[in-house]
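Hi,

Here is the structure I said I would pass on.

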Amino acid sequence: MDNILIVLIVSFSFLTSYILKKLFTKLNQFDAINFRSVHHSKATKSGGIAVFLTIFIFSLYNYLKSDQIYDFSILIPLGIMFVVGVYDDFYNADFKLKFLLQIIVAKILIDYGLVIENFHGVFGLYEIPRIASQLFTVFVFLVIVNAINFIDGIDGLAITEAIKVILVVELLSTTATPYFKLGMITLLALLPLYYFNYKKDYKVFLGDGGSLFLGTLISIYIFYVLGPEYDLKFSISKPFLSMSLIVYPLVDLLRVFIIRIKEKKSPFNPDQNHIHHWLLNRGLNHFKIVVLINFLSLLFLSLLILF
């Protein structure tokens, strides 16, 4: 990917984010401030739209040039989750409907060949039956997508999580994955959101459109890592690598579910019991929390590689 294209992608994403922020502001479409909000300034949930539009426009440009930089059909499941998230941002979709659509998207990914067919020795299991592998893949997809959605509660956290997964998976691979260029376009399109995310006023959030899109992309990477075609530079257990890549979202999801069930609440009922909320209450700001969480995550990953 040449320097001119890099500048174009980042610039297009920045400009799109700015235009959408202005449009949402004019339409008075701001994120509601309530008891679980950690921000007290006006913010639009237009960041995910800007990212997806950037990816779509640059993918369309390459498609029209007959330059297949990746399998463009993967945009179908990604696009479905993006649309579901945007709809939820505007109309607060029923969780059962979102859950059903997530299952449908998981099945689409399975039909693409992104299915967990091998446990690689975990619990003494290796290849598992076809039906079991499909059911387990659906379960893992639901966990990852909702875990990423759950951590999108403070500035920069979900964005950084996605960038970390893309970079680590690509860096640990002996060759570029089939999703390398999609991942790089996504990474570059996300960069301007740091500026808009950390503004003191008139912020731009990912929104559910962005977080569900990123959760789906991370799932695609995780499924590919667990598949037979992913060749690691180091001798690492693929399942442990996959879990270490998203260790914070997984731990936070499990912790929140346990707390909510103990309090006899729905596991999907939003609150401020996330680890990042706990850290905020102890005086850390958003930036320090993102740095701390990702430092510990990368430290855990490094220990896995070394030992």
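This is a predicted model: local features need pLDDT of at least 70, side-chain atom pairs count only at pLDDT 80 or more; totals for chains, interfaces and linings use all residues.

Let's start with the helix pair. Two packed helices are described by the angle between their axes and the distance between the axes. Here the pair is helix 9 (residues 238-245) and helix 12 (residues 286-306), with axes that come within 9 Å and cross at roughly 165 degrees. Angles over 145 degrees count as roughly antiparallel, so helix 9 is roughly antiparallel to helix 12. The crossing of helix 9 past helix 12 is left-handed.

Which residues make the contact? From helix 9 they are F240, L241, S244 and L245, and helix 12 brings in S297, F300, L301 and L304. Sorted by class, this contact of helix 9 with helix 12 has 6 nonpolar and 2 polar residues, with no charged ones.

- Y202 is not a glycine, yet has a positive phi of about 50 degrees. You'll find Y202 in the loop between helix 7 (180-197) and strand 2 (203-204). Y202 is partly exposed, at a relative accessible area of 31%.
- K264, also a residue other than glycine, has a positive phi near 55 degrees. K264 lies in the loop between helix 10 (247-262) and helix 11 (275-281). With a relative accessible area of 80%, K264 is exposed.

Cheers

Technical notes. Residues are numbered from 1 along each chain as its sequence is written. Side-chain values use heavy atoms; hydrogens and water are left out. Axes are lines fitted to C-alpha atoms, for helices over the stretch in contact, and angles run from 0 to 180 degrees between N-to-C directions. Helices (H or I, at least four residues) and strands (E, at least two) are DSSP runs, numbered from the N terminus. Angles under 35 degrees count as roughly parallel, over 145 as roughly antiparallel, 65 to 115 as roughly perpendicular and the rest as oblique. A crossing is left-handed if the near helix is turned anticlockwise from the far one by less than a right angle, and right-handed if clockwise. Contact means heavy atoms within 4.5 Å. Ala, Val, Leu, Ile, Met, Phe, Trp, Tyr, Cys and Pro count as nonpolar, Asp, Glu, Lys and Arg as charged, and the others, Gly among them, as polar. Buried means under 20% relative accessible area, exposed over 50%, partly exposed in between (1.4 Å probe, protein chains only).
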